[in-house]
Structure formats: structure tokens, C-alpha cells
Amino acid sequence: MEGEEPVGGRWNLDADNRRPPDASSRPPLLRTPPSSTHSTRSMRRSATGCLMISPCIGAPPDGTWATSREGALARLERFTTRVLPRFGDHQDAMVAGAWHLNHSLLSHALNLGLLHPREVIEAVGRVHEAGRAPLNAVEGFVRQVLGWREFLWGVYRTADEGYAARNALGADAPLPPASAVRRRPRCAASTTHSRRCTSTPTRTTSSASWCSRTSRRSPASDPTRMTDWMHGAFIDAYDWVMVPNVIGMGTFADGGEVATKPYVSGGAYIDRMSVDYCRPCRFDRTARTGEDACPFTTLYWDFLARNRDVLAANHRIGRAYANLDRLGDLEAVRSRAAEVRAQLATSILVEHGDGLGDAGTL
Amino acid sequence: MAEDRGLTTVWVWGDQLDARLAHLRGRDPGSTRVLMVVSDQKLGERPWHRQKVHLVVTAMRRFADRLAADGFAVDLRRATSMRAGFEAHVDAYDPSDVVAMEPASRTGTRTLEALGVTLVDNDHFLCHWREFATFRAGRGRTTMEDFYRWRRRRPGG
């Protein structure tokens, strides 16, 4: 802060932070080879015994995540020196070939206690003061930690008892088949011609227990079941993280207590925010109807039409309703949407991640 | 051994692995025993990602090693539930008091309250939820943006 005003004169630099990424260099991940005393193998034989007492999902550990204070500090250092300078530009971006892009990957360490939010904010502030990261990057990151993380915990702890079971939009679709995470995800090359928009988050959730926040939103699915599934699948998820994130942000099930509008989008937004999701896709992101229509585009318009009573008065989404009212083919869109939903329920649309979580051991 | 009994136990949960936080800050290793419980009930409550189970349990073990190196007596145990782990610990060590930091989750907090554990406020966040409630009270609808600006206006923001 500078007096009563934020450094740089603007409170919110989100508008600078929605750029789609270029394909330039991506700092490599820091991976810690498991030490002999803390390896997967030793855990199987450890005094705490077999840890997998119910079916589990996803690929085995590969050292991506910090399991100690030292590992967490090394990852904080990697983030502040190599990633932060470009963090802001690509905050909401999605790239099939670079799952971690310029994300900090620090939330798992913050949420375990390996890092404290204060020291992370201070470390980022020092980088800015030294002139080594632009304001939009620093502000964009600080708002996640000082803003969102704290806000969501506060919402979660002070909400009424029924908050976690809310369903303001009456969403009742079963979880998409993509939520069944394979132990061994297919390699990226096998998804060349299919829907990278769903296969990429599914693949990274399986391989790394993580996907970007832009990929975590799914307003059609039953909110309580979605919360439960994400809680198990994501490396940084806890009850306090997932309840407000899914009920409030991801599905708008609280009717707008947390989010100012539902995070829904059609294929055009996904194309804009990603480098390489849509180009090779067999679906047409601009089409609303017909066999080739992008399912996201069809379902986006159908979502608006179905929830008009609840959402039309929302000023942040009002322009979308003006556009909806200009569609000449809404009936055809809605009947295509019914087909898409039926296909989703029977897995016809989903070519990847359709294997059940296998009941193996760690 | 008699000198082993009657210590204060600090019960550290798997997402509270920081000795600078309220439950462990300033504790004397000579008069404090640390309890950590790996609960079957927790491990079985949903299909977990392998990497997540590995992360949390490994981080607990490494933190236990670190506390032991700092001179704390550490009881890291596997139990059928958090409650069962607590009861077995109390039977084994007869602590004078069991202290824990308020868990981040509501159900965790209720579990500890029901067991009569002494709770200290959670300072793993910069804004405690009671302070958050005061901020929101009387303001009507508040957004993250309102909250964030309020936090940044504070000293050091």
C-alpha cells in the first residue's frame, strides 16, 4: 500500500491477467526424488502400515509435491525466481502440453502448514521491491493468498450448517465420466484429436492430483457429489477448501454468496483461454447445434435458458441473456443439449478417463 | 516411567505441520509430548488420490522426525479413528492436559470439542474466522474484492 491507495493505483489487475499464454519457455518442475526413508516403498512397509484401505485413484507419487519444510522452501524459491515474473499474464490459462504452466503449485504446502501465508506474501513482495516481478504478477498472486484463501475459509467457517448441501440451481447431473481417474493416464499424444478441454484436466488430475482452477468448474453436476470427489482427487483439497470452492465458486450452488456470477462458458472462451485445446478438436466451438457442435457451447446456452429465473437479474451475466434472446434457434439448441446430456450420462462423448479408479495399493 | 506421565500433550493434525503455529509456538520439548494420529476412518472415507495420501502421511512422518530431533517426545500412531487414537494415547501416557489448534474444518473442531481437548485459535490463516464474521456483520452482501481491499488496507498490506 501507498497511504490509502494500493501500489500502482489500482486494486484489481485481473484485466491484465486473463491473457492466453504463448508457447515460450516454461520453468521445469522441481521434483524431489523420494529419499530412502520416505519413499513409497518404505511407506508400504512402514510402522503406520498399509495406507490404502479403500479404493484409490491416480498415478503413484513422483516427487512433485513437497513433503517437508525444506522441500516447500525450495519450491517457493523456484516460484519467486522463475515463475512469478510471468504468473499474472497466464493466471487463467490452460495448455494441454504444459499442465503447470506458470502456476505456483504452492497450495499443497500452504494447506499442510509447510509454508505460512505470511511468509509467502512477504517473499513475493520482496521480489517486486527488487524489481524482479511486475505488479500484475505480484498483485495477482497476493490476491489469491491474502484474498481468496482467507475469504473462502471465512465463508466456510461462518456459513450456516446447511451450506455444504445447498443447490440453488437444482443441479442434479451425475458426475461426468471423466471424473473416474485412471491410474495410468494416457499420454498427451493420444489426445491429439479429441477434447483436450476435458482430457487435459482429467489427465493431470490422474498423473499429478492437480488441475488448474479454470478447469475445476462444473456447474451442471450435483454440487455435493462434486465437492466430495474433488476433495479426494486434488492434492490441495480439504473440506474448508472444497465446500466454498464448489458450492460457491464452481457450481454457484449458494446462489451467489461467494461468486458474483456462475463460471460457465462456451467453447469460444475455452479456445481463448487455451493455446491448443480447440484447434485439433473434432467439435466446432462456434456451432450450437448438430453433431459437430462443441458440447460446451451447446450446454452454455442451455444452462442460461434453464436458469433464467435465477440468473437473468445478475448484472454480470445480463449481457449473455441479451445474446440468448437474439438466438433464433434456441429450441434446436435445447434439444441438442438434451442429447449431449444423455450422451454424457452414457459416456459416449467421453473418450478418455473413463476407467474406474482401481482398487490397488499405494 | 513415572517421569513420562503427566506431560502436556499437543495433538497435531495432518494439516498443521508448522511449529511456529499456535499449538506448538513456545512449547518446551522437555514438558511436551506430541500426538499425531493416522486414522483408518479418514483413509477410508472416500477414494483418495494416491499422491495425496502419500503427501499427507509422509509430511506427517517427516514433521514427527523433525520434532523428535528438536527434543519432543512424539507419539505418531495409527488408529481406527481420530477418537480411538486419542483414547489410546491418553491410556498410554496419562497427559495432564491435551491441547490442539482448532482444526481448519468444522467437523474436526466438533470432534475435538466433544473429546474435551483444549483448543487454541487457528493462526494458520491471517484472518481468523471470528474477525471475518465481524467484518461481514452489518455489511450486507460482501464480495472477495471487498474483503481483499479491507485486508490490504491494514498495516503492512
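## Two chains in contact

How many residues does the contact take from chain B and from chain A? Chain B puts in 62 residues, and chain A puts in 87 residues. Keep in mind as you look around that this is a predicted model.

Put together, chain B and chain A bury about 6600 Å² between them. Of that area, 57% is on carbon and sulfur atoms. On the chain B side, the residues that lose the most area to chain A are B:Arg50, B:Gln51 and B:Arg106. Those three together make up 14% of what that side buries.

## Getting to know chain B

Let's turn to chain B by itself. Its C-alpha trace spans about 55 × 40 × 30 Å along the principal axes. You'll find 6 helices and 5 strands in this chain. If you walk along the sequence, they come up in the pattern β-β-α-α-β-α-β-α-β-α-α.

## The sheet

In what order do the 5 strands of the open sheet in chain B sit? Going across, it's β3-β2-β1-β4-β5, and the pairing is parallel. Strands β3 (73-79) and β5 (118-120) of chain B are at the edges with a single partner strand each, so one side of each has no neighbour in the sheet.

Now zoom in on one pair. Strand β1 (residues 8-11) of chain B and strand β4 (residues 97-101) of chain B run parallel and are joined by 4 bridges. Within this pair, B:Val10 stands opposite B:Val99 in β4(B). As background, strands of a sheet pair through backbone hydrogen bonds.

A helix packs on this sheet as well: α2 (residues 50-69) of chain B, which touches β2 (32-39) and β3 of chain B. The direction of α2 makes about 165° with that of β2(B).

## A pocket lined by both chains

The second largest pocket holds about 1100 Å³ of space. It has 48 lining residues, and the closest to its centre are A:His231, B:Lys42, B:Glu45, B:Ser105 and B:Thr107.

Which elements give two or more residues to this lining? From chain A they are α7 (223-233) and α8 (239-250), while chain B brings β2, α1 (40-43), α2, α3 (82-93) and α4 (106-114). Helix α4(B) gives the most, with 6 residues. Sorted by class, the lining has 25 nonpolar, 11 polar and 12 charged residues.

Notes. Residues numbered from 1 in each chain as written. Chains lettered and ligands numbered in written order. Predicted model: local features only at pLDDT ≥ 70, side-chain atom pairs only at ≥ 80, totals over all residues. Heavy atoms only, no water. Pairing = 2+ DSSP bridges. Contact = heavy atoms within 4.5 Å. Axes fitted to C-alpha atoms, helices over the stretch in contact; angles between N-to-C directions. 1 Å grid on protein atoms, 1.4 Å probe; cavity = no way out; pocket = protein on both sides within 12 Å on 5 of 7 lines; lining within 4 Å. Points joined across faces, edges and corners; volume = space filled by probe spheres on them. Nonpolar A, V, L, I, M, F, W, Y, C, P; charged D, E, K, R; others polar. Buried area = accessible area lost by both parts, 1.4 Å probe.
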